[in-house]
Amino acid sequence: MSDKSQRMGRRAVEAAVFGQWDAFAGDHPRLAAILDQELLVEHAENRLLDDPAYEEAMAHAAAVGRVTTELGGIVERFVRRFFAEIVK
């Protein structure tokens, strides 16, 4: 994956984590107090690299030079599941 693609992917993951953080923190304040958002972004980003749909969406996003709706949707759904796994 190119540096540009990695930055696009990172921005998409950051947007998803930070965008869902307030709701997560509201539901789980004690857990949110001890979690580091940047580490969550890094961990989610690393886990997404194993997802074939993410790889395909990243290739498309890189081809058009921007984060696409498809990529954003994949990342948003992943982060929702990721947060749900944390509280299990």
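What you see is a predicted model, where local features need pLDDT of at least 70, side-chain atom pairs count only at pLDDT 80 or more, and totals for chains, interfaces and linings use all residues. Residues are numbered from 1 along each chain as its sequence is written, and side-chain values use heavy atoms, with hydrogens and water left out.

Let's begin with confidence. The pLDDT is the predictor's confidence in each residue, from 0 to 100. The protein chain averages 89, and 99% of the residues score at least 70. A helix here is a DSSP run of H or I with at least four residues, numbered from the N terminus.

Now find helix α1, residues 3-27, and look for Gln 20. Is Gln 20 buried or exposed? Its relative accessibility is 13%, so Gln 20 counts as buried; the cut-offs are under 20% relative accessible area for buried, over 50% for exposed and partly exposed in between, with a 1.4 Å probe and protein chains only. Beyond its neighbours within four places in sequence, Gln 20 touches Glu 76, Val 79, Arg 80 and Phe 83, where contact means heavy atoms within 4.5 Å.

Next, the rings. A pair of aromatic rings is described by the distance of the centres and the angle of the planes. Rings of Phe, Tyr and Trp (its six-membered ring) pair if their centres lie within 6.5 Å; planes under 30 degrees apart are stacked, over 60 edge-to-face, and the rest tilted. How many aromatic pairs does the structure hold? There are 4. In one of them, Trp 21 and Phe 24 have ring centres 5.5 Å apart and planes at 45 degrees, so the pair is tilted. Both residues lie in helix α1, 3 residues apart, about one turn of the helix. Trp 21 is buried at 10% relative accessible area, and Phe 24 is buried at 6%.

Then look at Phe 78 and Phe 82: their ring centres are 5.8 Å apart with planes at 20 degrees, so this pair is stacked. About one helical turn separates Phe 78 and Phe 82, because they are 4 residues apart in helix α5. Phe 78 and Phe 82 are both buried.

Notes: Helix = DSSP H or I, 4+ residues; strand = E, 2+ residues; numbered from the N terminus.
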